[in-house]
Amino acid sequence: MTVEPARSARPLSASAPRATADRTGGTGGGPATGPRQPPGGRAAWIAWSIGASVYVLAVIHRTSLGVAGLDAADRFGIGASALSTFSILQVLVYAAMQIPVGVLVDRFGPRKVLLLGVLLLSTGQLAFAFSDAFGPALASRAVLGCGDAMTFISVLRIAARWFPAAKNPLVAQLTGLAGMSGNLVTTVVLAQALHSEGWTPTFTAIALLGIAVFALVALFLRESPEGAAPATAPAGRPRPAVRRQIRDAWQEPGTRLGLWIHFTTQFPGNAFGLLWGLPYLVQAQGMTRTEAGGLLTLLVLANMSFGFLFGRLLSRTSRARMPIVLTTIGVTSLLWAVTLAWPEGHPPLWLLVSIILVMGSNGPASLVGLDYARARNPVERLGTASGIVNMGGFIGTMITLFGIGVLLDALTPAGAGGYSASAFRWAFCWQYVPMAVGTVMILRLRRRLAAAAVQGF
């Protein structure tokens, strides 16, 4: 007995081919669009490494405020709500730019987008280095967020052109792992330089790193292997309207599922590492900056370890996707509940280490969402679909950063010199709101995607 496929909301055509089964047991990224399959090999790793160097630079810029939050509050004379505005605006710009950047990558290729991203990153960080007032500093972080938005999707597109489909989950995790090395530079090198060299020299030095990375991309990056189809739409073939391209990507259940996976898994570790981790450990737990920096470094190392582990699992079987996602959400929720419920808001060191280790899995688990999008979208709109998914975690991060900042100010008496352990405990409870919403959406879309697979789509 055969099952007759249900009628699709839109016909499957050459512009939106049905996903095909890959050799990992899941679905691949659609039929090959070039004359030959991506070769992988040494040349592929060189191309990926050049692109990944831009992402490493972007993560250094992105996370630089995470070790400078207390310094920024003193420099600009601002409280928690205003301080969180820096990261919120940066993340808001990043999230808002994801779909436009995805379209740009699909239309003009990742190399040009990466070069523009480096220019914006360096410009924003240089302006931030010389800012001495809240307004100009805020504007510079917005420019930085715009440049940051152009990096990750571009690197994934390069990987999709150079590596076989079965290797893409591993390469995506390795890209995230490479980015975490940028976070490691921030927590180890930048934090020390900030206190020994000062604000302006430190942030100026970071901005000038962009010169070397720009030259590397401009001179040596090849978007795709020789003999492959163009990375952009072939000459003479009409490009779909931007609105239609976005709509087609959004209508894929795998794209929407990917967005909610990214939303739900990424934000706890992101919010902790980007802004609130250092103040929480120093002001609420009484640690020195050196001790707090050590725990933030542990977060980065855990992230890198989980990235490698998840990448290996996903390269062997796509059936590991959802177990990774749901386990990460469940364990993160449970350990935060134990941490926040601890008497007096002062959990022991072993528990703090445990929750930080678990949050190290958040970033790698969020990349599973991008794998769902890759498996359900043809290559010519992969950038757009990846942009939609990549919005999720940063929207969740923005909501969390803002909610924690508002609650900290509301729970702290005017004129207080810092935030108490009790204030942090109640403010961090806010995380369960986006986590609950995201989990419900994942379970809902998971059933829908399974139904579509049974029907043959």
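Trainee: How do you know how the axes of helix H3 and helix H9 cross?

Mentor: The axes of H3 (residues 80-108) and H9 (residues 242-251) come within 11 Å and cross at roughly 110 degrees. Axes are lines fitted to C-alpha atoms over the stretch in contact, with angles from 0 to 180 degrees between N-to-C directions. This is a predicted model, in which local features need pLDDT of at least 70 and side-chain atom pairs count only at pLDDT 80 or more, while totals for chains, interfaces and linings use all residues. Residues are numbered from 1 along each chain, and side-chain values use heavy atoms, without hydrogens and water.

Trainee: Why are H3 and H9 called roughly perpendicular?

Mentor: Angles of 65 to 115 degrees count as roughly perpendicular. The crossing is at roughly 110 degrees, and H3 and H9 are therefore given that name.

Trainee: Which residues make the contact between H3 and H9?

Mentor: Ile-99, Val-103, Asp-106 and Arg-107 of H3 meet Val-242, Gln-245 and Ile-246 of H9, where contact means heavy atoms within 4.5 Å. They divide into four nonpolar, one polar and two charged.

Trainee: Why is Asn-270 called buried?

Mentor: Buried means under 20% relative accessible area (exposed is over 50%, partly exposed in between; 1.4 Å probe, protein chains only). Asn-270 has 14% relative accessibility and therefore counts as buried. Asn-270 lies in helix H10 (residues 253-284) and touches Phe-394 and Thr-397, leaving aside residues up to four places away in sequence.

Trainee: What covers the buried residues of H4?

Mentor: The cover includes helices H1 (41-63), H2 (69-76) and H3. Among the buried residues of H4 are Leu-114, Val-118 and Phe-128.

Conventions: Helix = DSSP H or I, 4+ residues; strand = E, 2+ residues; numbered from the N terminus. Parallel < 35°, antiparallel > 145°, perpendicular 65-115°, else oblique. Nonpolar A, V, L, I, M, F, W, Y, C, P; charged D, E, K, R; others polar.
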